[in-house]
Amino acid sequence: MSLVARHLEADGIPTVVMGSARDIVEECGVARFVFTDFPLGNPCGKPRDAAMQSAILGIALDLLERAWMPRTTLQTPFRWANDAWRDGFMRVDDGNRAALARAGEERRRLQAATKADK
């Protein structure tokens, strides 16, 4: 998504990226970025929280209109109910290592099958 935004910007089309992976998006050098410190997959707010989602969209639209310099990042003021999601984020340990290895093997098998079909 970030690279698409950069391409569009290079062609004169303003963009705003909304995301939850600040380090990755900022490394890509997008022009405008709205960061929400939520679990991945929730950059626009909590599921079924229309008021929060509308507010975050409003922040993004305001940034599109008012960005004062390239590579501008705004962080939304919202907080997840608690930080328990951080405890398991990107964790690999003895309790999940085998399941993660199986999932990786399955993903590689599916990728190989998809390549073979092309």
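Is S20 buried or exposed? Keep that in mind while you get your bearings in this predicted model.

**Stop 1: the whole chain.** Show everything as a cartoon and you'll find 5 helices and 3 strands. Trace them along the sequence and the pattern reads α-β-α-β-α-β-α-α. The radius of gyration is 18 Å, well over the 13 Å that the globule rule gives for 118 residues, so the protein is more spread out than a compact globule. Along the principal axes, the C-alpha atoms fill a box of roughly 50 × 40 × 25 Å. Buried residues account for 25% of the 118.

**Stop 2: S20.** Select S20, in the loop that runs between strand 1 (17-19) and helix 2 (22-28). Here's the answer to the opening question: S20 counts as buried, because its relative accessibility is 14%, under the 20% cut-off. Next, show what surrounds S20. Leaving aside neighbours within four places in sequence, its contacts are F35, T36, F38, P39, L40, N42 and P43. Zoom in on T36, whose backbone oxygen lies 3.3 Å from a polar atom of the S20 side chain.

**Stop 3: over to L40.** Together with F89 and M90, L40 makes a nonpolar surface patch of about 350 Å².

**Stop 4: M90.** Finish by picking M90, in the loop between helix 4 (84-88) and helix 5 (97-117). M90 has 67% relative accessibility, so it counts as exposed.

Note on methods: Residues are numbered from 1 along each chain as its sequence is written. This is a predicted model: local features need pLDDT of at least 70, side-chain atom pairs count only at pLDDT 80 or more; totals for chains, interfaces and linings use all residues. Side-chain values use heavy atoms; hydrogens and water are left out. Helices (H or I, at least four residues) and strands (E, at least two) are DSSP runs, numbered from the N terminus. Buried means under 20% relative accessible area, exposed over 50%, partly exposed in between (1.4 Å probe, protein chains only). A polar contact is a pair of N or O atoms within 3.5 Å; within protein, one must be able to donate a hydrogen and the other to accept it, and residues adjacent in sequence count only if both atoms are side-chain atoms. Contact means heavy atoms within 4.5 Å. Patches are made of residues with over 30% relative accessible area and no salt bridge: like charges are joined within 9 Å, nonpolar side chains (Val, Leu, Ile, Met, Phe, Trp, Tyr) within 5 Å. Accessible areas come from the Shrake-Rupley method with a 1.4 Å probe; for residues, only the protein chains shown count as cover. A salt bridge is a side-chain nitrogen of Lys or Arg within 4 Å of a carboxyl oxygen of Asp or Glu. The radius of gyration is taken over C-alpha atoms; the globule rule is 2.2 Å times the number of residues to the power 0.38.
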